[in-house]
Amino acid sequence: MYLYLPVALTSINVFIPVGLGLAVGLLSGLFGVGGGFLMTPLLIMFGIPSTVAAATDSNQIVAASTSGTYAHWKVGNVDFKMGFYLLAGGFAGGLFGVQAIKVLNAMGNADFVIKMTYVFMLGIVGTYMFIESLGSMKKKHTEIAAPAKESGMARFLKALPLQTHFEKSGVSHSALLPIFFGGLVGILAAIMGVGGGFLMVPVMVYILRMPMHVVVGTSLFQILFNCIEVTFLQSYTNHNVDFILAVLLLLGSTLGAQVGALFGRKLRGEQLKIILAVIVLAVTVKIVLDLTLSPSLLLVQGGGH
Amino acid sequence: MSVTIVKSGVKRKTLLAFAFVALMLAAAGSTSAELTATANHDHIKIDFFYHGSSVSVRGISDQGTDLVIKIASPEGHQELRKKGKLAGFLWMNVGKLTFEKVPNLYSLHSTKKLEDILSRDEMDRYGLGYSALQKHAEIGPVASGDEKAEWFNQFVRFKESSKLYSVSSGKINITEQGRTQNYYVLLDWPYQALPENYTISVYAIKDKKVVETAETHVLVEQVGMVKSLAGMAKNNGAFYGIISILAALGAGFGVGMVFRRGGGAH
């Protein structure tokens, strides 16, 4: 069955967006990522203009992350305090990132910087997570607990002002830490034009030392707010949110997010991390191939990256 | 459906001109049959279940004439990003190209191959064929004529990939009837074609020259909910955005609640 999309100005088989929503929603509920790094290119592949694809995906993520946050909140896996600090930083970072894009555009090499940032961030994050979670899986297996050693970095972090305890995550940090890293992810996400879940999750796991299950719930919580903001701005300034496409996507993704959250409880933190690492690495490889293989068309629609 | 009779090169603009041309024909004592063109529907409505359409064009022409049928949108301006190699191996967007005086949709069908029935001059005069389109188009920025030709070819490939440009020959069905012939062609109308007023022009050809033309129109329009949603997105972005967000929040919570009730056993 085909439906016509009034903003994308194209017709699509309804099973495509519902199926895509289901798959990406599943990942969202499992790993706490929005899935924009998968969804946007897939929508473009099915004939949706790139600007409409990105804007509509953010609308869909509002639904998927609401569904996912709700599922994780029910079992006490959302650290709202941490979420708010990350959001505050992310909001400021986003404003800064948008300015950075303007500067890059003026310099004329925005596309190069964006693509390279994307490849390197995905590559580094994927590789690090893969190696780390593989290591910790082996460690668990041989029942050797690594002695926690106090590094210089840890001492520096402890010395920062505004130390506070995050009850849900069971960690103590300076409030500046989530604000700073939230801001950094915000800048990068704005430059790359993605939600940044795949960056936020490793920041929470490795820098903020939060338990993986709380990471997923908290990440979804802050993605929800980011995507509300982006959906509004995209509708208001660029007019490229396709409501019908968003509804078709969220039919699948809200369901997928619930199934993902349910399934995630049955997996261990290391298992979740290694699967996410493999997906991130696969996307990296795909982007590298896109960059190096000759494209079939040398002209593309304006907008998007 | 409007049927227009026009002598080579003259276009009907008003009833007055129509009468004038008819008078001229009579004065010239022309014995040729009137070329006619009729489309099966002149109004394509885009509703939620629209997935393209098909348009048939039929009419009468002089026996033995070759025919070219052109469907085109009004000429306009299009901006596209071009891909190029950076550092020798990285394919990236390397800038923008502006295409002026090009139709968004261009579909051309002839009884025989265009080059075999028309002279270059005639093709250029009536905008028939890709090479005529290329000569007419303005592309910038390009350094040379060769570069223009190269990017125009890429433009055609881009358009063909979304079914908006096509050129074919041999699809037109002709049945002879005394001194005249009936022609008929059935064409796919792509769903990618934007709402616009399209012109169908039919050219009768003899001795490598266009001897008669006829014209009709197809209006493509959004209707109902598709029209109101597209209008709201464009003219009332803030309200549209808020509705979209509320719907998404509602759907997310709704599914969450359903799962809590249904998932009690987990």
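## Where chain A meets strand β6(B)

In this predicted model, Gln301(A) stands opposite Leu80(B), a residue of β6(B). The two strands concerned, β5(A) and β6(B), run antiparallel and are joined by three bridges, and the pairing belongs to an open sheet of four strands whose order is β5(A)-β6(B)-β7(B)-β9(B), with antiparallel pairing. From one strand to the next, the twist averages 35°.

Strand β6 of chain B, spanning residues 75-86, and strand β7 of chain B, spanning residues 90-103, run antiparallel and are connected by 11 bridges. Within this pairing, Lys83(B) has Asn93(B) of β7(B) as its bridge partner, while Gly84(B) stands opposite Met92(B), also in β7(B).

Three residues lie between β6(B) and β7(B), which together form a hairpin, and in the turn Ala87(B) has a positive phi of about 55°. In a regular strand, the side chains alternate between the two faces of the sheet, a general point to keep in mind when following residues along such a pairing.

Phe99(B) has its bridge partner in β9(B), namely Ile139(B).

## The wider contact between the chains

How many residues of chain B are in contact with chain A? There are 50 of them, and they are in contact with 47 residues of chain A.

Sorted by residue class, the side of chain B that touches chain A holds 28 nonpolar, 13 polar and nine charged residues.

## Chain B as a whole

Chain B contains seven helices and 14 strands, and 30% of its 266 residues count as buried. When contacts in chain B between residues at least 6 apart in sequence are considered, 68% of them join residues that are at least 24 apart.

Key. Residues are numbered from 1 along each chain as its sequence is written. Chains are lettered from A and ligands numbered from 1 in the order in which they are written. This is a predicted model: local features need pLDDT of at least 70, side-chain atom pairs count only at pLDDT 80 or more; totals for chains, interfaces and linings use all residues. A residue is buried if 20 or more other C-beta atoms lie within 10 Å of its own, exposed if 12 or fewer, and partly exposed in between; C-beta atoms are placed from the backbone. Two residues are in contact if their C-beta atoms, placed from the backbone, lie within 7 Å. Two strands pair if DSSP finds at least two bridges between them. Axes are lines fitted to C-alpha atoms, for helices over the stretch in contact, and angles run from 0 to 180 degrees between N-to-C directions. Ala, Val, Leu, Ile, Met, Phe, Trp, Tyr, Cys and Pro count as nonpolar, Asp, Glu, Lys and Arg as charged, and the others, Gly among them, as polar.
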